[in-house]
Amino acid sequence: MEKIASFTIDHTRLLPGIYVSRKDYVGSEVLTTFDLRMTRPNFEPVMNTAEVHTIEHLGATFLRNHPQYGGKIVYFGPMGCRTGFYLILAGDYTSADIVPLITETFEFIRDYQGAVPGACAKDCGNYLDMNLPMANYLGKKYLEILYNITEEQLNYPQ
């Protein structure tokens, strides 16, 4: 069986950043999948499920309500390895195109206080597994990358 594209990236050289993971075509529409890498794989500790779950709720809510991109959000969710998130946007984008959107998203996550949207038994299958203070902290940590992002953090290592 052939390796899928995401398993061909050298994760030993991958830095936190924003990467175009793939582009798919559905009819004439392009779907761009982004790898929002928050921690350095196999080097830094992975994120715990509670903060990943909280970031997922906050990020998905923010992005789907975004005035410019809300209607283009196909998916926002965690990677199984817990080192980041995938974002799928309708449209043909580069990593640099969405730095402002991701920065805005993680400023929202860093600053968010109060009840996490959808964090109740009626709305979520595991609502007790949330950690807002850690989600705030990880949002702040990722913003340190986003505010100073380099070309190396916008393009997969060769």
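**View 1. His 53 in helix H1 of the predicted model.** His 53 is part of helix H1; helices (H or I, at least four residues) and strands (E, at least two) are DSSP runs, numbered from the N terminus. The model is predicted, so local features need pLDDT of at least 70 and side-chain atom pairs count only at pLDDT 80 or more, while totals for chains, interfaces and linings use all residues. Residues are numbered from 1 along each chain as its sequence is written, and side-chain values use heavy atoms, with hydrogens and water left out. His 53 has a relative accessible area of 12% and is therefore buried (buried means under 20% relative accessible area, exposed over 50%, partly exposed in between; 1.4 Å probe, protein chains only). Its side chain makes a polar contact with the side chain of His 57, at 3.0 Å. A polar contact is a pair of N or O atoms within 3.5 Å; within protein, one must be able to donate a hydrogen and the other to accept it, and residues adjacent in sequence count only if both atoms are side-chain atoms. Leaving aside residues up to four places away in sequence, His 53 touches Cys 124, Asn 126, Asp 129 and Met 130, where contact means heavy atoms within 4.5 Å.

**View 2. The four-stranded sheet.** Four strands form an open sheet in the order E1-E2-E4-E3, with antiparallel pairing; two strands pair if DSSP finds at least two bridges between them. E1 and strand E3 (73-78) are the edge strands, each with a single partner strand, so one side of each has no neighbour in the sheet. From one strand to the next the twist averages 15°. Axes are lines fitted to C-alpha atoms, for helices over the stretch in contact, and angles run from 0 to 180 degrees between N-to-C directions.

**View 3. Strands E1 and E2 and their hairpin.** E1 and E2 run antiparallel and are joined by 9 bridges. Val 26 stands opposite Glu 29 in E2. The hairpin of E1 and E2 has 2 residues between the strands, and Gly 27 takes a positive phi near 65° in it.

**View 4. Strand E4 and its two partners.** E4 (residues 84-90) pairs with E2 in the antiparallel sense over 7 bridges. Thr 33 has Ile 88 of E4 as its bridge partner, and Leu 36 has Phe 85 of E4. E3 and E4 also pair in the antiparallel sense, over 5 bridges. Here Gly 77 is bridged to Tyr 86 in E4, and Tyr 75 stands opposite Ile 88 in E4. In the hairpin of E3 and E4, with 5 residues between the strands, Arg 82 takes a positive phi near 65°. Of the 7 residues of E4, 6 are buried, so E4 is largely enclosed by the rest of the structure.

**View 5. Helix H2 and its surroundings.** H2 has 13 residues and reaches 18 Å from its first C-alpha to its last, close to the 18 Å expected at 1.5 Å a residue; the expected span is 1.5 Å times one less than the number of residues. Its buried residues are Val 99, Leu 101, Ile 102, Thr 103, Thr 105, Phe 106 and Ile 109. The cover over these residues includes E1, E2, H1, E4 and H3.

View 6. H3 (residues 132-146) has 15 residues and spans 20 Å from first to last C-alpha, close to the 21 Å expected at 1.5 Å a residue. Leu 132, Ala 135, Asn 136, Leu 138, Gly 139, Tyr 142, Leu 143 and Leu 146 are the buried residues of H3. They lie on the same side of H3 because they cover an arc of only 170° around the axis, the arc being that of the directions from the helix axis to the C-beta atoms. These buried residues pack against strand E1 (17-26), strand E2 (29-37), helix H1 (49-64) and helix H2 (99-111).

**View 7. Leu 138 in helix H3.** Leu 138 is found in H3 and is buried, with a relative accessible area of 9%. Leu 138 touches Met 38, Met 47, Glu 51 and Ile 55, residues up to four places away in sequence not being counted.
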